[in-house]
Amino acid sequence: MAELATIARPYAEALFKASTSTAGVDLNATAGWLDELAAIAADAQLKQFAESPKVSAQQVFDLVAGLTKYVLPDQGKNFLRTVIDNGRLQALPEVAAQFRKLVNAQSGSSDAVVYSAFPIDGAALADLAASLEKRFGRKLNLSVETDSTLIGGVRVAVGDEVLDTSVKARLEQMKAALAA
């Protein structure tokens, strides 16, 4: 949704600028609590609660801040108050995504999701990470998600690029070749 991206951009850029100009602020820690706030803000029940005219901005703040597993730093509390006071709680997931892109751009890395039919152990993941970084030409921040529909192999999403070496993809290719 372009509108949410447009709304979220100034918040992400302001938080990034404030985080990089403040000594001692860890961008990954900021991304961590921001991702947590985004996940909370995406909850349908919270959205309904926050949109109620009977609920004050302070009540929404207290609820969201109370649900985080992080102890929000002052910067996080101020940021959350600003977002809530401006009625932009629904934009937090997009703010988090754009903030993560800014952090990645600064460090020259990208987020990558590895979809696998089975859990991947640490050594295999390290080998896979090295191969993928060589293939994509940049450092990757890998996360792994299990997807039982793949049958075997992996599917990797790096931004809008997808590398699909799964058995399911190979079967689809064979099906298309046979149909032609």
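## Contact of H3 with H4

Leu-46, Phe-49 and Ala-50 in H3 meet Gln-59, Val-60, Leu-63 and Val-64 in H4, where contact means heavy atoms within 4.5 Å. The residues of this contact comprise six nonpolar, one polar and no charged. The model is predicted: local features need pLDDT of at least 70, side-chain atom pairs count only at pLDDT 80 or more, and totals for chains, interfaces and linings use all residues. Residues are numbered from 1 along each chain as its sequence is written, and side-chain values use heavy atoms, with hydrogens and water left out.

The axes of helix H3 (residues 44-51) and helix H4 (residues 57-67) come within 9 Å and cross at roughly 160°. H3 is therefore roughly antiparallel to H4 (angles over 145 degrees count as such). Helices here are DSSP runs of H or I with at least four residues, numbered from the N terminus.

## Aromatic pairs

Two aromatic pairs are found in a search of the whole structure; rings pair if their centres lie within 6.5 Å, and planes over 60 degrees apart count as edge-to-face. Phe-16 and Phe-99 form an edge-to-face pair, with 6.1 Å centre to centre and 70° between the planes. Phe-16 lies in helix H1 (residues 2-21) and Phe-99 in helix H6, so the pair ties together parts that are 83 residues apart in sequence. Both Phe-16 and Phe-99 are buried (under 20% relative accessible area, with a 1.4 Å probe and protein chains only).

## Surroundings of Gln-98

Gln-98 lies in helix H6 (residues 92-107) and is buried, with a relative accessible area of 12%. Apart from its neighbours within four places in sequence, Gln-98 is in contact with Ala-5, Ala-8, Arg-9 and Ala-12.

Methods: Helices (H or I, at least four residues) and strands (E, at least two) are DSSP runs, numbered from the N terminus. Buried means under 20% relative accessible area, exposed over 50%, partly exposed in between (1.4 Å probe, protein chains only). Axes are lines fitted to C-alpha atoms, for helices over the stretch in contact, and angles run from 0 to 180 degrees between N-to-C directions. Angles under 35 degrees count as roughly parallel, over 145 as roughly antiparallel, 65 to 115 as roughly perpendicular and the rest as oblique. Ala, Val, Leu, Ile, Met, Phe, Trp, Tyr, Cys and Pro count as nonpolar, Asp, Glu, Lys and Arg as charged, and the others, Gly among them, as polar. Rings of Phe, Tyr and Trp (its six-membered ring) pair if their centres lie within 6.5 Å; planes under 30 degrees apart count as stacked, over 60 as edge-to-face and the rest as tilted.
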